[in-house]
Amino acid sequence: MSHVANSVDLLRQDVALDNLNTLRLPARAAWFAAVDHVDALRAVLDDPRIAGLPKLVIGGGSNLVLTGDFPGLVLHVAFHGRSRVQEDAEAFYIRAGGGENWHDFVRWTLEMGWPGLENLSLIPGTVGAAPVQNIGAYGLEMAEHFYSLRAYDLETGKTVGFDKRDCAFGYRDSFFKQAGKGRYLIAAVTFRLPKAWKAITGYADVAKELDAQGIVKPTPLQVSDAVVAIRRRKLPDPAEIGNAGSFFKNPVVDAEAYARLAEQHPGLPHYPQADGRVKLAAGWLIEQAGWKGRRLGPVGCYDKQALVLVNHGGATGADVIAASNAVRADVSARFGVELEPEPVFAGVEP
């Protein structure tokens, strides 16, 4: 199917982004376009009015801190569609457009009988943003079931394929946050979902939730329901209060640093890693530093989960940066551990 795209119809000037970021931060785009297919994207990028301007790609805006007005072109990813593209003896291969809602996609795969992503239920954002962040929760990272993606290179104008190695996935990290930052628009992602499914219920919260329901051998949908229930209890709904979900990465320290901290803080939650290092719970560190429920101006740590920064109303990007820096400074002073923000900052880096 061919698309006839006209940049005059797609490009808009001076557009408010307040409702396109879940922190509800005020910002405006000098130029804005929502693109739902490659022809539309090419038409916009070929328009001489935006030649040479910086570009910012956004999806659901749930992992984004807008630090001020954006002087260039904001591209809102609206690529849709989802389908099973391949099947072999071991797995299903499922593709979704970069603009698809992540949670809706996860639930659809479960309804279709293709489990594997259930532990990532209710994570806000879009399918296209998932590889950028290598989203993860409750014992699973997206990279584990990632197969490939198609992206549009904003510098060369070419459509490029990426496999898992190309994406250089790390903990809440990828090529798209490092060397490829700001260069690509992810149009579609394909996941490999093994037919030999096994429930991941080792996370204490998940095990506790299933146990409370008397479920011993959960189905994929029951695992998803448990994760949804946990997240709804612990995390604020962006529709009710501005937030970007978990704001800080769980820090990973070497064994020596962990041993020192564990001696000083016997209750320190910890998760041993395959490389011998130890992951710590950022939320616990922040809470121990006195920040749970505490505010700095209009921004504060959520009273049910210290890992989440919330906008109590009227906050700017500068307010978020100030609160983030204050939390990081207090955790560093008390524990000697440096926290790193998870979201992407558009404008001034923290």
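This report covers aromatic ring pairs and charges over rings in a predicted model.

Residues are numbered from 1 along each chain as its sequence is written, and side-chain values use heavy atoms, without hydrogens or water. Local features need pLDDT of at least 70 and side-chain atom pairs pLDDT 80 or more, while totals for chains, interfaces and linings use all residues.

Rings of Phe, Tyr and Trp (its six-membered ring) are paired if their centres lie within 6.5 Å; planes under 30 degrees apart are stacked, over 60 edge-to-face, and the rest tilted. The count by this rule is 19 aromatic pairs. One of them joins F105 and F191, which is tilted because the planes stand at 35° with the ring centres 5.5 Å apart. F105 belongs to helix α3 (residues 102-111) and F191 to strand β12 (residues 184-194), so this pair ties together parts 86 residues apart in sequence; helices (H or I, at least four residues) and strands (E, at least two) are DSSP runs numbered from the N terminus. F105 is buried at 0% relative accessibility, and F191 is buried with a relative accessible area of 0%; buried means under 20% relative accessible area (1.4 Å probe, protein chains only).

F175 and Y184 form another tilted pair, with centres 5.9 Å apart and planes at 55°. Y184 is buried, at 14% relative accessibility.

Ring pairs also link F92, W102, F105, W108, W114 and F191 into a cluster.

A charge sits over a ring if NZ of Lys or CZ of Arg is within 6 Å of the ring centre and within 35 degrees of the ring normal.

| Charged residue | Ring | Distance from ring centre |
|---|---|---|
| K195 | F92 | 4.9 Å |
| R294 | W291 | 3.8 Å |

Notes: Buried < 20%, exposed > 50% of the residue type's maximum accessible area, 1.4 Å probe, protein only.
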